[in-house]
Each structure stands twice: as C-alpha cells, then as structure tokens.
Amino acid sequence: MRETIIGKQFDEERALYHLQHTDVENCIFAGPLDGESALKESRDIGLQKCQFSLRYPLWHVKGFTMADSKMDDKTRAAIWYAENGVITNSILNGIKAVRECAHIKLAHCQIDSPEFGWKSQDITLSGTEITSEYLFLDSRDISLSNVEMKGKYSFQYVENLEIVNCNLDTKDAFWHSKNVIVKNSVVKGEYLGWFSDGLTLINCKIIGTQPMCYCKNLKLVECTMEDTDLSFEYSDVEAEIKGHVISVKNPKSGIITVDSVGEVVWDDPVMECTGKIIVREKEIPERISMN
C-alpha cells in the first residue's frame with residue numbers, strides 16, 4: 001500500500017534512506033543537523049511542493065517524480081546515479097545538479113547549476129530556463145526543446161543530441177560532439193562546433209567569431225550567420241546560408257552557398273583545401289582572396 005508523508009521537516013543524515021512507494025508532500029529538508037543523503041537509494045517516490053537545502057538528497061534513486069519543488073544553492077550534487085525520473089515546475093540551484101543519470105525528463109523548470117548533466121544518458125529538457133557551465137559534458141541521447149540557455153562550454157563530447165526551438169547563449173559549444181541536430185534555434189557563441197562530427201543546423205541563426213572549424217560532416221540548411229568571421233577553417237562542410245557572411249577561411253571540402261561574403265581567405269593551409277564558395281549563382285575561384 002502506498003504511503004504519504006506530509007508537512008514534516010528532516011535534517012538528519014539519511015533521513016528517509018531507502019524510502020519506497022511513498023509520496024512526500026510539503027516537506028522541508030533543512031536544519032541544524034545538516035545531514036546528507038536524505039532520500040538515498042529510494043524507490044518509487046513522489047515529491048510534491050518540497051524544499052531542499054541539504055547536500056546529495058537524491059542519489060541512487062530509481063523511479064521518482066518531483067513537482068513544484070525547490071532545491072537551493074546548498075543542495076550540492078543533488079541528483080546523481082538516478083534513473084527514471086520526471087521533474088516539473090521546479091527550481092534546481094545547486095552545483096552539479098544531475099550527473100551520471102539516465103532517463104530523466106525535466107519540464108518547465110528553472111535551473112542554475114554549474115556542471116549540469118555530466119556523463120548522463122537520455123535526458124530531456126523542455127520549456128526550461130537553464131544557466132550552466134560545461135552543460136551536458138560527455139553525455140548522450142539528449143533532447144532540448146523550447147529551452148533558454150546561458151552557459152560557456154556547452155555540449156562538449158556529447159553524442160546524439162537534438163535541439164529544437166531553443167535560444168543558446170554560450171561559448172565553445174559542441175566541441176568534439178557527434179551526431180547533433182539543431183533546428184529553428186539561435187546559437188550565439190565563440191568558436192562554435194570545433195572538432196564536431198555530424199553537426200547539422202537547420203533554419204538557425206548562428207552568431208559569433210570563428211564558427212565550425214575542423215569539423216567533419218558539417219551541414220547548414222537555410223541558416224543565417226552574424227558576426228561570423230574566419231568560418232569553416234579545415235572543415236568538411238555543405239552549407240546553404242541566407243544573407244551575408246563576414247569571412248570564410250580555408251574550407252577543407254564541400255560547397256558553401258551564400259548571398260554575399262565579405263572575404264574568402266586562402267591563407268597558407270596546412271592541408272589540402274578544395275572547398276568551394278558560391279555567391280548565389282556566382283562561384284568564387286579557388287585561392288583568390290576578396291578584400
């Protein structure tokens with residue numbers, strides 16, 4: 001029979017360790033004992049309108065929901081090694097909030113958590129605002145939709161990532177990533193996508209210096225580029241770009257089609273570069289700079 005805990009406060013070590021088949025409502029995890037791991041190793045639990053202010057509350061939890069709850073900045077490393085969880089309408093503010101987790105869905109949340117989502121699998125964010133450095137480092141099977149993101153070194157070494165209708169304000173995003181699709185989104189940063197393999201951007205706005213260099217299997221479809229100088233250096237690229245590009249440098253292979261380009265730089269390449277640039281009906285000759 002399922003049990004319910006309502007309106008309690010817990011601050012001791014492992015307060016509800018290995019809790020099973022239980023709903024926890026309007027409870028507070030905080031207090032002078034400053035105990036860790038309140039719900040460690042729990043199974044099939046539901047958290048509703050709870051407040052957390054202690055470290056490591058949800059480690060090794062399998063099967064959980066959390067709704068309308070708040071984890072403050074004292075909930076360091078809040079959710080690790082957890083599986084099969086759904087988090088909705090909640091605030092997650094502790095560093096390293098999710099790590100080495102699998103099958104976690106987050107919807108309509110507010111997240112401020114440096115190093116969020118590392119080494120995880122099958123994580124979904126939707127309708128969420130997130131601020132995080134090194135977001136989703138070395139994770140796989142990740143999905144973002146309608147997400148507002150601020151970060152620095154996002155999606156490094158990620159594999160199998162889909163981003164739709166998002167606004168990404170980042171820096172060195174997608175470095176060493178594999179099999180990434182970004183649709184109908186704004187991607188703002190510096191040195192975007194370097195060393196990626198299988199990065200595809202569709203109907204996106206790309207902003208920032210020196211994007212997408214040293215890439216393999218790079219595709220841009222109906223994208224725009226703003227403040228993008230020295231683009232595509234040593235990349236294998238097929239790109240259809242609407243509007244103007246400041247400059248393109250030493251594309252390794254493929255065809256880049258633009259409405260206009262400020263400069264095409266063929267500058268002492270260290271490898272053979274056979275990429276072509278076409279300005280809508282007009283091909284730019286190889287190894288000729290436009291000034």
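Mentor: Start with a definition: rings of Phe, Tyr and Trp (its six-membered ring) pair if their centres lie within 6.5 Å, and planes under 30 degrees apart count as stacked, over 60 as edge-to-face and the rest as tilted. This is a predicted model, where local features need pLDDT of at least 70, side-chain atom pairs count only at pLDDT 80 or more, and totals for chains, interfaces and linings use all residues. Residues are numbered from 1 along each chain, and side-chain values use heavy atoms, without hydrogens and water.

Trainee: Which residues do ring pairs link into a cluster?

Mentor: The structure holds 18 aromatic pairs. Ring pairs form a cluster from Trp-175, Tyr-191, Trp-194, Phe-195, Tyr-214 and Tyr-234.

Trainee: Where is Phe-195 found?

Mentor: Phe-195 is partly exposed, because its relative accessibility is 33%; buried means under 20%, exposed over 50%, partly exposed in between, with a 1.4 Å probe and protein chains only. Strands here are DSSP runs of E, at least two residues long, numbered from the N terminus. Phe-195 sits in the loop between β23 (186-188) and β24 (197-202).

Trainee: Are the rings of Phe-29 and Phe-52 stacked or edge-to-face?

Mentor: The 18 aromatic pairs include this one. The ring centres of Phe-29 and Phe-52 are 4.7 Å apart and the planes are at 0 degrees, so the pair is stacked.

Trainee: How many residues apart in sequence are the parts that Phe-29 and Phe-52 tie together?

Mentor: Both Phe-29 and Phe-52 are buried. Phe-29 lies in strand β4 (residues 28-29) and Phe-52 in strand β6 (residues 51-52), so the parts tied together are apart by 23 residues.

Trainee: What kind of pair do Phe-116 and Phe-136 make?

Mentor: The centres of the Phe-116 and Phe-136 rings lie 5.8 Å apart, with planes at 85 degrees, so the pair is edge-to-face.
The pair links distant parts of the chain, 20 residues apart: Phe-116 in the loop between β15 (110-112) and β16 (121-126), Phe-136 in the loop between β17 (129-132) and β18 (140-145). Phe-116 is buried at a relative accessible area of 0%, and Phe-136 is buried at 0% too. The kind of pair is edge-to-face.

Trainee: Which residue in β8 stands opposite Leu-47?

Mentor: Strands pair if DSSP finds at least two bridges between them. Strand β3 (residues 20-25) pairs in the parallel sense with strand β5 (residues 43-48) over 5 bridges, and Val-24 stands opposite Leu-47 in β5. Another 5 bridges join β5 to strand β8 (residues 62-67), again parallel. In β8, the residue opposite Leu-47 is Met-66.

Trainee: At what distance does the side chain of Thr-128 reach the backbone oxygen of Ser-126?

Mentor: Thr-128 is in the loop between β16 and β17. Thr-128 is buried, since its relative accessible area is 1%. Its side chain reaches the backbone oxygen of Ser-126 at 2.9 Å.

Trainee: How far from the side chain of Thr-75 does the backbone oxygen of Asp-72 lie?

Mentor: Thr-75 lies in the loop between β9 (70-71) and β10 (79-80), and counts as buried at 1% relative accessibility. From a polar atom of the Thr-75 side chain to the backbone oxygen of Asp-72 is 2.6 Å.

Trainee: What is the phi of Asp-44?

Mentor: Most residues other than glycine have a negative phi. Asp-44 lies in strand β5 and is partly exposed at 32% relative accessibility. Asp-44 is not a glycine, yet its phi is positive, at about 55 degrees.

Trainee: Phi of Tyr-157 is near what value?

Mentor: Tyr-157 is in the loop between β19 (148-151) and β20 (159-164). Tyr-157 is partly exposed, with a relative accessible area of 45%. Phi of Tyr-157 is positive, near 60 degrees.

Conventions: Helix = DSSP H or I, 4+ residues; strand = E, 2+ residues; numbered from the N terminus. Polar contact = N/O pair within 3.5 Å; in protein donor to acceptor, adjacent residues only side chain to side chain.
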